[in-house]
Amino acid sequence: MAQHSPRPAAALGTGLASALMILTGVLGITQGIAAIANDDVYSVVGKYAFKLDVSTWGWIHLAVGALVLLTGFALFTGSILARAIGVLLAGAVLIVNFLDLPYEPYWSVIMIALNLFVIWSLFHDVGPDAA
Amino acid sequence: MADSEGPTPAGGSASPGGAPSSGGPSHSGESPFGGGWWTGSGDSIWASTGVNLAAVIMVITGIAGIVEGIAGIAGGDVFAKVGKYAFKLDVTAWGWIHLIIGILLLLAGIAVYGGARWARMLAVVLTGLSIVANFLALPYQPLWSIVAIGLGVFVIWALFSVPDRQESRS
């Protein structure tokens, strides 16, 4: 549709994915900060195959969250590479949240749903700027 | 590859609210309603469905936030006691945050109804803020936060699924 109109905002073709990744990046970072601070909102988990120190999970969330945030901004350039990295990162965040779900189930459930949506949006150009 | 296959706005299959709008505009260039204020440039009226959806859900989300805020400010036993927490605030403080963001969302939702592009961009940012605030306040009342986050995500999707007004459909 509308191949004729010049669109300065053509790079926003993945606008939804960008917005969602920036959002999940920020959420992951806050999730990480809360864990690194060893907060009481995290439940105490007994024996668990993927048991890590809550601080360790926190650093993982923080680091991956920062990468997701950066990738979200990189998506504005319309780069295919950024999209591929976005899919990989969103998949990684999803798995990390699945593994550490026993510590804060609600946050993990939200993050899993959001990242599924991110992956979906990376494969679909939604909206006015879809080129 | 996704570029070539994904030119259908509003993502056809995966859009409960946008589905009716995706079929309409491409075929019916001539709208019986002509070009009113709701259509920037003689678009089909269906093109505004996406805006209306986003606006209505934003207003609802705003009201939900306001209610959440009032409940927090009034103080009550519906909020869990939270121990050590990096983002610990008084329940009243969270209440004010919810209330203010809720009011802004309500106003932005009304602005989105006007169809301006800046209003949509502002709406995306505000809705994002609302989601972050609810994520942080989640330990106090998880289910409210989950509902508010779900609504917010739906709003963002709807805002990006709006067909552009400047687009010429010929």
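Mentor: Let's start with a definition: a nonpolar patch is built from residues with over 30% relative accessible area and no salt bridge, and their nonpolar side chains are joined within 5 Å. Keep in mind that we're looking at a predicted model.

Trainee: Okay, which residues of chain B form a nonpolar patch on the surface?

Mentor: W96(B), I100(B), I103(B), L104(B), L107(B) and I110(B) do, and together they have about 580 Å² of accessible area. One of them, L107(B), sits in helix α4 of chain B, which runs over residues 91-113.

Trainee: What is S130(B) in contact with, leaving aside neighbours within four places in sequence?

Mentor: I101(B) and L105(B). Contact means heavy atoms within 4.5 Å, so each of those two has a heavy atom that close to one of S130(B).

Trainee: What makes a set of residues a nonpolar core?

Mentor: The members are buried residues of the listed nonpolar kinds, including Leu, Trp and Tyr, joined through side-chain atoms within 4.5 Å. The largest one here has 63 residues, and those touching the most other members are Y42(A), W107(A), M58(B), Y85(B) and L159(B). Two or more residues come from each of α1 (15-36), α2 (54-74), α3 (80-99) and α4 (105-123) of chain A, and from each of α3 (47-74), α4, α5 and α6 (142-160) of chain B.

Trainee: Which residues is W107(A) in contact with, beyond its neighbours within four places in sequence?

Mentor: In chain A, W107(A) meets Q31(A), A34(A), V41(A) and Y42(A). Across in chain B, W107(A) meets Y85(B), F135(B), L138(B) and P139(B).

Trainee: What pattern does chain A follow along the sequence?

Mentor: α-α-α-α. Chain A has four helices and zero strands.

Trainee: And which residues of chain A does the "transmembrane region" annotation cover?

Mentor: That label comes from an unreviewed UniProt entry, and it covers residues 12-37, 57-76, 81-99 and 105-123. Such annotations may be inferred rather than shown by experiment. In the model, residues 57-76 are 90% helix and 0% strand, with end C-alpha atoms 29 Å apart. Residues 81-99 are 100% helix and 0% strand, with end C-alpha atoms 27 Å apart.

Trainee: How much of chain A is buried, and what is its accessible surface?

Mentor: Of its 131 residues, 52% are buried. The accessible surface comes to about 5,700 Å², and 78% of that belongs to carbon and sulfur atoms.

Conventions: Residues are numbered from 1 along each chain as its sequence is written. Chains are lettered from A and ligands numbered from 1 in the order in which they are written. This is a predicted model: local features need pLDDT of at least 70, side-chain atom pairs count only at pLDDT 80 or more; totals for chains, interfaces and linings use all residues. Side-chain values use heavy atoms; hydrogens and water are left out. Patches are made of residues with over 30% relative accessible area and no salt bridge: like charges are joined within 9 Å, nonpolar side chains (Val, Leu, Ile, Met, Phe, Trp, Tyr) within 5 Å. Accessible areas come from the Shrake-Rupley method with a 1.4 Å probe; for residues, only the protein chains shown count as cover. A salt bridge is a side-chain nitrogen of Lys or Arg within 4 Å of a carboxyl oxygen of Asp or Glu. Buried means under 20% relative accessible area, exposed over 50%, partly exposed in between (1.4 Å probe, protein chains only).
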